Amino acid sequence: MGRIMEWAARSDHLRGIPRKTVIRAVGAFARAVANLCKKTTVHNADTLMTLVRSRPPGVPLITVSNHMSTLDDPVMWGGFKGLLSFDPKLARWVLAAEDICFKNPVFSYIFRTGKCIPITRGGGIYQEHMSEALERLKDGSWLHTFPEGKVFQEDVPIRRLKWGTASLIARSPVTPIVLPIIHRGFDEMMPENYFYGRRPPLPLCNKNLKVVVGEPIEFDLPMMVETAVSASRHVTSPLQETKWPVLSSAGQKLDETAQRYLYTALSEKIQSSLETLRLLAKRL
């Protein structure tokens, strides 16, 4: 299957006018939602905005966060003072679920011009649109992901992460800066089981929203690759494989077994960082 409306996602599509229009409209919506809140706070916004505006040329940025509501993106970016960025060149790309955001041609066009990349749940890390996400990283862009893979509103530890984000880190020609972010309160503003198992038709008012930005996660990728390759050599009973292509990373070739070890290690490190930040956010 080809990429969904790839032409609409290009920066030069209709001279960029649709992208500017959608991003500004989304920003206005985000501000309106934030104005419904009793209080909105953001901690350590400077770290994110410095990386968005001033990171070294060609170095991609991946932000990772928990996923508590369909509102957290875009309100997380457009509704909080200190995180506002309506410049289409600076605005994030985001991985978005195809079955939710791309239900029809109209939605598909809006989300594509708004710098959203559709992802098919269960489609695997080598699905076509993951290649598109990798191309954005090769461009040195900012990409946001929800590595838990779905909305979770329970106040519990960060669950085991999907491998998509880890695979992008390992496959990117330049190792991305990875920045963890935790938000709280979207589950109260847009509860999944509000009325007979459905969300409310509109965001609920008078709630507190909080965003906590962490510090970049440090990865010794060459060492992690070496460890994964070494571990894969000692597997006496090979894991069930799905014929992934061989990956070249940090100067080594990784077969599917080695990739699984690597993606597990990367995901566990991201998960640990998110959980540490989640506990901090509860105390703030």
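The buried residues of helix α5 pack against α1 (17-35), α4 (98-101), β4 and α6; buried means under 20% relative accessible area, with a 1.4 Å probe and protein chains only. Helices (H or I, at least four residues) and strands (E, at least two) are DSSP runs, numbered from the N terminus. The model is predicted: local features need pLDDT of at least 70, side-chain atom pairs count only at pLDDT 80 or more, and totals for chains, interfaces and linings use all residues. Residues are numbered from 1 along each chain as its sequence is written, and side-chain values use heavy atoms, with hydrogens and water left out.

Helix α5 covers residues 105-113, and its buried residues are S108, R112 and T113. They line one face of the helix, because they fall within an arc of 115° seen down the axis of α5; the arc is that of the directions from the helix axis to the C-beta atoms. After α5 comes K115, with a positive phi near 65°.

R121 sits in the loop between β4 (116-119) and α6 (128-138). Its relative accessibility is 42%, so R121 counts as partly exposed, the class between buried and exposed (over 50%). Beyond its neighbours within four places in sequence, R121 is in contact with A97, D99, I100, G149 and K150; contact means heavy atoms within 4.5 Å.

Two polar contacts are listed below; such a contact is a pair of N or O atoms within 3.5 Å, where within protein one must be able to donate a hydrogen and the other to accept it, and residues adjacent in sequence count only if both atoms are side-chain atoms.

| Side-chain atom | Backbone atom | Distance |
|---|---|---|
| R121, polar atom | G149, oxygen | 3.3 Å |
| N104, oxygen | V106, nitrogen | within 3.0 Å |
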